[in-house]
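Me: I would like to learn how to read salt bridges in a model. Please start from the general idea and then go to the case.

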Amino acid sequence: MQPLRFFAALCTLVSAPVLLHAQREKLPPDDLDYVERTWPKAKKSNTGIRYVVEKSGKGPLLVPGDLVMVHYVGKLLNGKVFDQNHDKKKPFTFRVDRGEVIKGWDEILQSMRPGDKWLMIVPPELAYGRRGDPPVIPSYATLVFEVEVLGIKPEN
């Protein structure tokens, strides 16, 4: 009976990393295949967001409550742009980790610094999920964003 327990324990240890990886993967299988082919060097955050650092900034990491200014382009996986802001006079401004943007942004922005420009691939559950944002964003859509953190807006 002892060898059987040892074998069962060994099987559990060997399969645990595979099972844990499967639990953490948040991209739908077809989207995952496309993302891995299109952005093979994309890194993966611990929450399942893929990202490519296009430009590195300087300074401290963004923290919850920071009032940040960004330029961005939001696209569906097929490349269709659904939203963007590149207005130099009025960049998109919001507070980090206050629920003013999708959950994926609140999470990944805390890994960014002023001046960073990243391409981000956000899984559906960290974006608009089942409900989508009709008529522009369908249900369960994986979203791609190019985000540049222009800076942290000082309090008045």
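Reply: The model is predicted, so local features need pLDDT of at least 70 and side-chain atom pairs count only at pLDDT 80 or more, while totals for chains, interfaces and linings use all residues. Residues are numbered from 1 along each chain as its sequence is written, and side-chain values use heavy atoms, with hydrogens and water left out.

Me: What is a salt bridge, and how many salt bridges does the count come to?

Reply: Side chains of opposite charge can pair when their charged atoms come close. The rule asks for a side-chain nitrogen of Lys or Arg within 4 Å of a carboxyl oxygen of Asp or Glu. The count is 6 salt bridges.

Me: Which parts of the chain does the pair of R50 and E25 link?

Reply: R50 and E25 form a salt bridge at 3.0 Å, N to O. R50 is in strand β2 (residues 50-55), and E25 is in the loop between α1 (2-24) and α2 (29-38), 25 residues apart. Helices (H or I, at least four residues) and strands (E, at least two) are DSSP runs numbered from the N terminus.

Me: Are R50 and E25 buried or exposed?

Reply: Buried means under 20% relative accessible area, exposed over 50%, and partly exposed in between (1.4 Å probe, protein chains only). Both R50 and E25 are buried. They also belong to a network of salt bridges with E36 and K44.

Me: Where do K75 and E146 lie?

Reply: Their side chains meet in a salt bridge of 3.4 Å, N to O. K75 is in strand β3 (residues 67-76) and E146 in strand β7, so the pair ties together parts 71 residues apart in sequence. K75 is partly exposed at 24% relative accessibility, and E146 is partly exposed at 26%.
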